[in-house]
Amino acid sequence: MKVLNGIRKVERWFVVIGLALMTLITAYAVFNRFVLKNPLAWSEEATRFLFIWVSLIGASIGIEENVHTNVNVFVNLFPEKVQKIISIIANLICALFCIALVYTGIHLVKAQSHQLSASLRINMAYVYTSIPVSFTLMAINFIVNAVKISKGEALGTSESGQAMEGKTEEVLK
């Protein structure tokens, strides 16, 4: 579990730093464009590449915290034991899908390893590496969720997820 907790800390710090960099780059680009009348050629591309990484790593965090939207209307028709089995199977199917995307992502990284980005002139393999890295993290989180469900443990829900859940139930009443 120490390794998983370490990975989770790195994920969160990566997202925080990535969002901060995106904000700083965008603010700097706006300042240069409108105040100095000297637009930056690289800012949009840098922000886009950071956005890709932050979004995919953020999706992994969402899986770990169990805050992604899911529709339980059909599943809730079954007894609790069957619901548990369906949840385990769903998480394992999602993990398999993520593993398939890791495999595909590795091939994309290899295919793009000779291409440079237009403005930053960095190897596009760095951008495409976000696919195998993030989907590996997602697969791990889906497997951990399946194990937790099988043991009867509650899946992690962030405070914001709990707050939203309460608000949704209030609105539906």
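The buried residues of helix α1 pack against α2 and α5. This is a predicted model, in which local features need pLDDT of at least 70 and side-chain atom pairs count only at pLDDT 80 or more, while totals for chains, interfaces and linings use all residues. Residues are numbered from 1 along each chain as its sequence is written, and side-chain values use heavy atoms, with hydrogens and water left out.

Helices here are DSSP runs of H or I, at least four residues long, numbered from the N terminus. Buried means under 20% relative accessible area, with a 1.4 Å probe and protein chains only. In α1, the buried residues are L4, R8, E11, V15, G18, M22, I25, A29 and N32. An α-helix has 3.6 residues a turn, so residues three or four places apart point the same way.

As to length, the 33 residues of α1 should span 48 Å at 1.5 Å a residue, and its end C-alpha atoms are 48 Å apart, in agreement. The expected span is 1.5 Å times one less than the number of residues.

Let me turn to R8, which belongs to α1, residues 2-34. R8 is buried, with a relative accessible area of 10%. Neighbours within four places in sequence aside, R8 is in contact (heavy atoms within 4.5 Å) with E64, N141 and V144.

Next, the nonpolar cores. A core is a set of buried Ala, Val, Leu, Ile, Met, Phe, Trp, Tyr and Cys residues joined through side-chain atoms within 4.5 Å. The largest has 11 residues, including L56, C98, V102 and F135. Two or more of its residues come from each of α2 (43-65), α3 (80-111) and α5 (130-151), and α5 gives the largest share, five residues. Apart from this core lies another, of 10 residues, among them I25, W53, I57 and I61. Returning to F135, its contacts, leaving aside neighbours within four places in sequence, are L56, C98, L101, V102 and S130.

Finally, the largest pocket. On a 1 Å grid over the protein atoms alone, a pocket is an open set of points where a 1.4 Å probe fits, with protein on both sides within 12 Å along at least five of seven lines; lining residues have an atom within 4 Å of a point. Of the 27 residues that line the largest pocket, N66, N70, S87, I149 and L155 lie nearest its centre. Elements giving two or more lining residues are α2, α3 and α5, and α3 supplies the largest share, 10 residues.

Key. Buried < 20%, exposed > 50% of the residue type's maximum accessible area, 1.4 Å probe, protein only.
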